[in-house]
Structures are given as C-alpha cells and as structure tokens.
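Take a look at the model below.

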Amino acid sequence: MADAQKKKSNKWKEIGLPLGIAVVLSGLGWYFFPPVMPHIQLPAEPVLEQPLLRLGGIWGDIYLTNTLVATLLIDVVLLGLVWAVQKAARSGDLIPRGISGVLEATLEAIYNLTETTAGKWTETIFPYFATFFLVVLIANWTELLPGVDSIGWLHHVEEGVKGFGHVGPFLMKKPGDFQVMAWVRVASTDLNFTIALALVSVFMTQVIGVRALGLPYFKKFFNIEAIFKVKPMYMGVIDFFVSILEIISEVAKIISFSFRLFGNLFAGSVMLFVLGYLVPILLQSGVLLLEAFVGIVQALVFGMLTLMFMALATHPHGGEEHGEAHA
Amino acid sequence: MEALQNLGINLGYLIVQIVNFGVMFWVLKKWAYPPIMEMLEKRRQIIAKGLEDARVAAEARANAEKEAEKILAEARAKASQIVREASERAEAVGREIKAQAEAEAARIRAEAVEAAQAERERILRELRSQVAMLAIAAAQKLIGTALDEQRQRQLLDAFFSGIEGGKVTVLDELEDAVADSAEVISALPLTEEEQETIKKNLFAKLGREIPVTFKVDPTIMGGVIIRVGDKVLDDSVSGHLQELREALI
Amino acid sequence: MDPQSIVTAAKLIGAGLAMIGAMGGGIGIGLSAHGAVQGIARNPDVAGQVQTNMILGIAFAEAVAIYCLVVALLILFVVK
C-alpha cells in the first residue's frame, strides 16, 4: 500500500513537477511578454526586404519568404536523411538503427503498400509516393518546431491599414499594436508549395499513363472513337463528353490536392497561434499533438492519392471510378 | 491575376518550388532509395536464408531423430531376436538332454527289466525240471512203484503246457474267434517245441497267423491260459480250482 | 456608415456562412470513421486495409470542407 502510494507520489513528481514549472513559466511569460498576434495572411511574408530576384511581370519578384525558408529547411532535413542512409549503406551494417533505420521501416511500409496497389509498376511509382510522403511529412512537421510561426519581425499595425514597417526581432509589451511576421512559416501553408506538388503529381501521373499505355492513354480524355464505335450513336456522344469531363477531373485533382494540404495546414497553424495568443498556457501542447497527427495523415493522403491515380493511369480502362469520385 | 496575387500564388515561387521538389526527388531517387531498397532486399534475403537454414536444420534433426529411432528399433528387434534364439536354443538343448537322459533311463530300466525277466525265466526253467524230478521222486516214494519215467515226464509236461498228444486241448473250446493277437500264459516257461505246438494249433484253429506272446505266471500253478482277442480259454490249475470252488459253494 | 466597413462586415459574415458547408465534411468523416470502426470490430484481421481505405475516404470527404475553406478564404482575402 505504502509502495503504491510512493509510486503514485513518484509519478506526481515525474509529471506534476515539470507541468507545474511549465505552467508557472508560461504564466510569467504571459505577464511580462504578452503573446503577439501573428499576422494572418495567405501569401507568404518576405523575411528580407530586398527581393532575391527582380523578375517583374507575371513572374513576380522573388523574395526570401518565410515559407521558402521552411522549404530550404525541408531540403536540409532530406539531405541529412540521404547522408544518414549513405552512411548506413557504406557501413554495410544490416542491423537497422538510428534515423536510417526509421527511414527504412517507413519506406518498407510504403513499398509494400505500393506493391499491393501498383503491381508491376511498383518500381516506377514507388519513388513518387515515397518522395511526396517524406516532403509533405517533413513540411507539415516543421510546424511542431518551437519558434516556427512565433519568432520573427514585429510589425506595427494600424487599424484597417495593411501596410507595416519592421520594428525588430524582439517582443515588446505593446499588445494590440503589433503583429509577428514569422521568419519560418510551414511550407504547406504556402499555396505555391502545395500547387507545385499537386502539379508534379498530376503531370507525372499523365507521364506514367503514357509510358504504360502509349498514345492510346489520351483516349481517356478525347474519346472520339466512342462516337463511331458505340451503338446507338447518342451513347457514344455521351461517352465522348464523359471523356472530356476527365480533363476537368484532372484539373480538379490539382485543386483538390493543393487545397486539401494547404487548407489543413493553414487552418492548423492559424488555430495554433490564435489559441497561443488567447490562452498561452498548456492548451497549445494538446493542439500540437493533434497537428502532428494531421500532418502525418495529410502526408499519407497526398502520397496515397498519388499512388492511386498513378496506378489507375497504368490500367487501360481505369481512371473513372476514383477520379470522378474524388473530383 | 489579382486574385492569384491575393492568394499568394506567384509563378516565380511556383517554379522555384517545382524545381526544388524535382531536385529533391532526383537526389532521393539517386542516393536514398536504392541503398535502402538494397539493404531491405539484403536483409530480406538474410532472413529468408536464416529461415531456410533453420528449416534445413530442423529437417536434418528430424531425419537424424528418425534415423536414430530406426536404428534403436532395429537394435531392439535384433536384441530380442538374439535373446529369443538363445532361449530357444537353450530350451532345445535342455529338451535334448532331458530326452537323452530319459531315453537312457528308459533303456537302463528296460535292460534291467529284461535281465530280471530273463533271470527269472532261467531260474523257473531250471526249477521246472527239478520240480518234475521232485514230484516224480515224491510220487515214487508215495506209491512205491516206479512208474514209467518217460510216461511221467509226459504227464508232467502236459500238466504244465496243456498239450496232450501234440494237441492243445483247451483250444477245442475256441469258436470263431476274430483276433489280431494272442497271449499264452503258463505257470512255468514253455519249451520251444511246446510254444511251436501251441502256435501251430492256434493258427490251425484261426485259419491265419497272428502274433503270439508267451508269458509266465507261477500263480496259475499249472496248465495254460490262452487269450485270443477278447476270449479267454482257461486251462489252468487255479482256473479249475476256482471252477471247483464255485461248483462246491 | 462607411461603405467600406459594410463591405468588410458582409465579407466576414459571408466567410463565416461559407464555413457552414464544412459541416457536411464533418458528417462525412464521422460516417466513414463509424463504418471503419464497425468493420474493424467485426473483422479485426483486416484492420490495416480498413484504416487505409478509411483515410482515403476521409480525404475525399474532407475535400468538400476544403472547398468551403477555399471559398471562405477567397471571400476574406481576394474579394475587394
């Protein structure tokens, strides 16, 4: 009995003490440095005032935006993974350990999933699935890093005024008048990032379709043959228009891919920092757990949908069931 | 255009992102996936090989166990066979020895019986002439006159052998007897001629030859008893005395 | 009354109304999770497959809610 009580008290020491310290510290932080509402806007905010490239016109000027910083962070993490894998491969040690072991287990699961769906096209489709999964996962999980979305330039804002000037990196005790422009913002909350991924996914789906079926692949989109072959003729015409709908379906895929990822992550990060602004004690931790789950689910969904569409593109008469259901 | 601008979509950033993704894809495909797949394949093969080895080892062990069991069973069977054979041989030897001993004992016993029989017959045969002489001497003394010794001897022989004038008187009683063997019992051993005579008479009576055995039984005192099959022809003194007693009583 | 503030107010109300459509997505996700959990409870052996399909189904259902979000964002940030 005493033992159990001791155990219980130990547990309290283990969990309660750090929790209490965290509450006290965040309370003090709240009092002395009240949280500043981050600036909410769709386009990524430039970290540096000067544009990296001045292209103008439809290209727009390329600034070093905070999402670009996050993208570079993703690249660094991916290169680190590649380095770890190369090191593990060179050591010739077959016992999985460390980061490389985790990556191997993940990729093995992805590979098996690909194999069950893609069949003989596994070798072709697997790198896309895996890369989309890894890139999106790392992009989503940058949200969990401390400082992302919360450390940045402070901007003075006037009521109803969109313009702002840089104030400096440090928090100031003037709530209401300032907004944070974070240095790092989750890449998935930038539509450029998600649309780029969606474009690559849909475009490579077409490429794989053509590789698998040759030019007849495009019959899916312009089924002129059906007008002459299918009897009665009006059915063939209907088939033809259905095939035209396939093109719309492909466009809808791009929108759906990009906005699904963007919407989930943007909503998540907005929720995180609004909650952080309103209740800066403990509440964010729980929401972070949820966001970690959302991040992995979205990465999995992005990868798996890519896999599905690619696998369907390799089938002669596929493409309708799932494509339409999703569009 | 304005709407896209407000959503933050910018062709330049888009291309930057696409290129970035392309580069990452290429890097991962070139340097990350092949070694991992290779490692996975290697590990899979090693595991498969390990399982295969384990299977082979298990099979070998099972085989060895089976072999051992077979050998054991064979050895056991052989052992039991050897034991059985040995005990059989021992039994046979024992039986043989026993049979030999029994045969020996039987032979010795038979020899002893034969010797005793022969001795007895010899003694009785010697006795017969002495009894005859004693009887004649006693009769001479009794009646004072010497009968014709030759005659007396004949009478005595007839008394002992039941043969009168070369004929066995008692055989007259025999009627249509069917028999495979005959037995002649006399008080004292019969001479060769007497035996021959009885046989001849018997065979003449039966019309064929059958084996005849001769026995000596002093308790009948004189005369002969002839058994032919199930018939008994009693010409003995004791038989007559018995008849006499029955008649008297 | 400043006409700009009326527009702003209308925009905010419109964005809020647009997000009502997210309800449909929520119901859809709930239904798919309901079906998946029932399926797993009846046949736990195929839990992995059911989960994969459930996540895909949730993704499709969520697309509707995402469209609502897109419309809301368009109203908030794009419409002048």
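Glu104(A) and Arg43(B) form a salt bridge, with their closest N and O atoms 2.3 Å apart. This is a predicted model, and the distance is computed from it. Side chains of opposite charge can pair when their charged atoms come close. How many salt bridges are there between chain B and chain A? The count is one.

Polar contacts also link these two chains. The rule finds seven residue pairs in polar contact across the interface of chain B and chain A, with both residues at pLDDT 80 or more. Which helices of chain B touch chain A? Helix H1 (2-7) and helix H2 (11-143) each supply at least two residues to that side of chain B. H2(B) gives the most, with 26 residues. By class, the side of chain B that touches chain A has 22 nonpolar, seven polar and three charged residues.

The size of an interface is often given as the accessible area lost when the parts come together. The table sets out both interfaces.

| Interface | Residues in contact | Buried area | Share on carbon and sulfur atoms |
|---|---|---|---|
| Chain B and chain A | 32 residues of chain B, 44 residues of chain A | about 3700 Å² | 77% |
| Chain C and chain A | 13 residues of chain C, 23 residues of chain A | about 1500 Å² | 80% |

Chain B and chain A bury about 3700 Å² between them.

Now turn to chain C. Across the interface of chain C and chain A, the rule finds zero salt bridges. Two residue pairs are in polar contact there, both residues of each pair being at pLDDT 80 or more. The side of chain C that touches chain A divides into 11 nonpolar residues, one polar and one charged.

**A salt bridge within one helix**

Over all chains, the structure holds 13 salt bridges. One of the salt bridges joins the side chains of Arg95(B) and Glu91(B), at 3.8 Å from N to O. Where do these two residues lie? Both are in helix H2 of chain B. They sit four residues apart, about one turn of the helix.

**Space inside**

Rolling a probe the size of a water molecule over the atoms shows where empty space is left. The structure holds three cavities of 30 Å³ or more. The largest cavity has about 130 Å³ of space. Its lining is made of 15 residues. Those closest to the centre are His39(A), Glu45(A), Asp149(A), Arg185(A) and Phe273(A).

H7(A) gives the largest share of the lining, four residues. By class, the lining of the largest cavity has seven nonpolar, five polar and three charged residues.

Technical notes. Residues numbered from 1 in each chain as written. Chains lettered and ligands numbered in written order. Predicted model: local features only at pLDDT ≥ 70, side-chain atom pairs only at ≥ 80, totals over all residues. Heavy atoms only, no water. 1 Å grid on protein atoms, 1.4 Å probe; cavity = no way out; pocket = protein on both sides within 12 Å on 5 of 7 lines; lining within 4 Å. Points joined across faces, edges and corners; volume = space filled by probe spheres on them. Nonpolar A, V, L, I, M, F, W, Y, C, P; charged D, E, K, R; others polar. Contact = heavy atoms within 4.5 Å. Buried area = accessible area lost by both parts, 1.4 Å probe. Salt bridge = Lys/Arg side-chain N within 4 Å of Asp/Glu carboxyl O. Polar contact = N/O pair within 3.5 Å; in protein donor to acceptor, adjacent residues only side chain to side chain.
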